[in-house]
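Please look over the sequence and the three-dimensional structure shown here before reading on.

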Amino acid sequence: MSEQRDEGYDEWIAAIDRGEGYALECPNGHGSLPPRRLCPECGDPDLEEQPLPDSGTLDTYTRIHVATPEFVDDAPYTVAIVDFGITRLTGQLRGVEEPEAGIRVDVGVEERETEDEPLLVFRPA
Amino acid sequence: MTGVRIAGTGHTHFGQFPERTGRDLFAEASGEAIEQSGIDRDSIEALFYGNFMGELAEDQGHQGPLMAEMAGIRAPATRFESACASSGVAVREAVKDVRNGEADAILVGGAERMTNLGTAGATKALSIAADELFEIRAGMNFPGAYALMAQAYFDEYGGDREDLAHIAVKNHENALENEHAQYQRAITVEDVLEAPPVAEPLGLYDACPITDGASAMVLVSDEYAEREGIDAPVSITGTGQGSDRIALADREYLVRTPAATAAAEEAYADAGIGPEEVEVAEVHDCFTIAEVLAVESLGFFEHGEGIGAARAGETTREGRIPINLSGGLKAKGHPVGATGTSQIIELSRLLAGEHVNSDAVPDARIGLAHNAGGTVASTTVHVLEVAP
């Protein structure tokens, strides 16, 4: 994918990879993901990094069969949205045969199926 | 403040024309609209034009002045981009300019060339309406995004694939006699359920096709229509627009579309009507689940009730509120930048008694068009009324 450096995002994905994932939180308790200069909900510029909880709850998921060119050789694969309380994350779900809303999962960074690209991956907690 | 009338409409056939350029498609649609309006080209004071993926599909940015050339007009021309709501936004801005006296006659429309990209290429081009860092890099695309919403809906409210299949069947049925439609063939519930999966729980027949096409119309002020003796029986009486966070995961709801609700509330207030007065609607059914979320967000059904509406016959041509009598995006096709204007054109023809399906709503005077961009991070809603 992109070879350019994406300030804010690259540091964030590296932190997830180290098991030190975080989200941003404003004084009003709104969570968001970097890069931000202010809270997208209330505009407060005072954002602090807060650690992501150890695990989150699976909100929804889909098994994608028709993919974009970058992911066409990976298909089929499962994309999920997981609620970590402070924020939700979108990533791929692995290690679950039959997903169900409500199951607990961890987040980490793994490689794509077909390319050496970092990918946000959820696995059963 | 003046009223806004639809003076002329133009519409290419929607379908697969990979050899036709966007400029050729828009030349056809705009030419038809201007001719039908009877307005001299020199009297058109602006072009508001919707397009989403021109850079990817045709290496063509800066399409405003290009499309003014193709329409044969010399007037300020601006392209509007708001993903699949691009021409809905163009219409809204044109309505505002006519109302506030900036112009008496505006050409508004949109075009998209898509099928030359192929399925994977078009899927990628559409996907850039999502959040690149947090959604596209996870392998999400638009079928996937709507599938995430469908699964969340099933988990929260119930309903199943068969309920969704009835929406696809209904919209194909509506498109049978629509000369603009990409698919003029009936399908069955079994066809939908047995189709190959695209993004589970959605299959191929839950999705709208990839489409080339253009649409255009000429909007004029009440005063101009009267002064020039233009026959324009349908007015745009309400306009509204809403936005939401771009990434689905960042939304308050995975099973509701508040941007559509906000747009509808604004459009209803603007027109001075309520959802119960709407007699026919064109909604953005890019996937079957999208029609469910739309009819609920517009106030036609309670949350959790929209899923069964087609199956119960409430949104069919015989039902309480016929939805997508044109065939919708699902069967008529979805050339992204042309869709918003196309919905309003279909609705105006339905209300004027000039549509092949007008007999389904013979006395209807109020219609609504709902045009959504991305996973409904952008929405426009327009209310149309037959002049008394």
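## Basis of the report

This is a predicted model, in which local features need pLDDT of at least 70 and side-chain atom pairs count only at pLDDT 80 or more, while totals for chains, interfaces and linings use all residues. Residues are numbered from 1 along each chain as its sequence is written, chains are lettered from A and ligands numbered from 1 in the order in which they are written, and side-chain values use heavy atoms, with hydrogens and water left out.

Helices (H or I, at least four residues) and strands (E, at least two) are DSSP runs, numbered from the N terminus. A residue is called buried under 20% relative accessible area, exposed over 50%, and partly exposed in between, with a 1.4 Å probe and protein chains only. Contact means heavy atoms within 4.5 Å.

## Two helices that cross in chain B

Helix 6 of chain B (residues 142-157) packs against helix 11 of chain B (residues 288-297) at an angle of about 65°, and their axes are 9 Å apart. Such axes are lines fitted to C-alpha atoms, for helices over the stretch in contact, and the angles run from 0 to 180 degrees between N-to-C directions. The crossing of helix 6 of chain B with helix 11 of chain B is left-handed, a term that applies if the near helix is turned anticlockwise from the far one by less than a right angle.

On the side of helix 6 of chain B, the contact is made by B:Tyr146, B:Met149, B:Ala150 and B:Tyr153, and helix 11 of chain B contributes B:Ile289, B:Ala290, B:Val292, B:Leu293 and B:Glu296. Of the residues in this contact between helix 6 and helix 11 of chain B, eight are nonpolar, none is polar and one is charged. In this division Ala, Val, Leu, Ile, Met, Phe, Trp, Tyr, Cys and Pro count as nonpolar, Asp, Glu, Lys and Arg as charged, and the others, Gly among them, as polar.

Helix 13 of chain B (residues 336-351) has 16 residues and reaches 24 Å from its first C-alpha to its last, close to the 22 Å expected at 1.5 Å a residue; the expected span is 1.5 Å times one less than the number of residues. Helix 13 of chain B is largely enclosed by the rest of the structure, because 16 of its 16 residues are buried. At B:Ser342 helix 13 of chain B bends by about 30°, the bend being the angle between axes fitted to the seven residues ending there and the seven starting there. Just after helix 13 of chain B comes B:Gly353, with a positive phi of about 75°.

In helix 5 of chain B (residues 118-127), the buried residues are B:Ala122, B:Thr123, B:Ala125, B:Leu126 and B:Ser127. The cover over the buried residues of helix 5 of chain B includes helix 2 (54-58), helix 6 and helix 13 of chain B.

## Buried and exposed positions

B:Leu351 belongs to helix 13 of chain B and counts as buried because its relative accessibility is 8%. Although B:Leu351 and B:Pro233 are 118 residues apart along the chain, their C-alpha atoms are separated by 8.8 Å. B:Thr211, in the loop between strand 6 and strand 7 (213-221) of chain B, is buried, with a relative accessible area of 0%. B:Thr211 lies 123 residues from B:His334 in sequence and 5.4 Å from it in space, C-alpha to C-alpha.

B:Glu265, in helix 10 (residues 258-271) of chain B, counts as exposed at 54% relative accessibility. In chain A, A:Glu41 sits in the loop between strand 2 (31-32) and strand 3 (48-51) and is partly exposed, with a relative accessible area of 46%. Not counting residues up to four places away in sequence, A:Glu41 touches A:His30 and B:Arg245.

Most residues other than glycine have a negative phi, and most peptide bonds are trans. A cis peptide bond joins A:Ala75 and A:Pro76, with omega about 0°, and another cis peptide bond, with omega about 10°, joins B:Glu200 and B:Pro201.

B:Asp59, which is not a glycine, has a positive phi of about 50° and counts as exposed at 71% relative accessibility. B:Asn324, also not a glycine, has a positive phi of about 60°, but B:Asn324 counts as buried at 0% relative accessibility.
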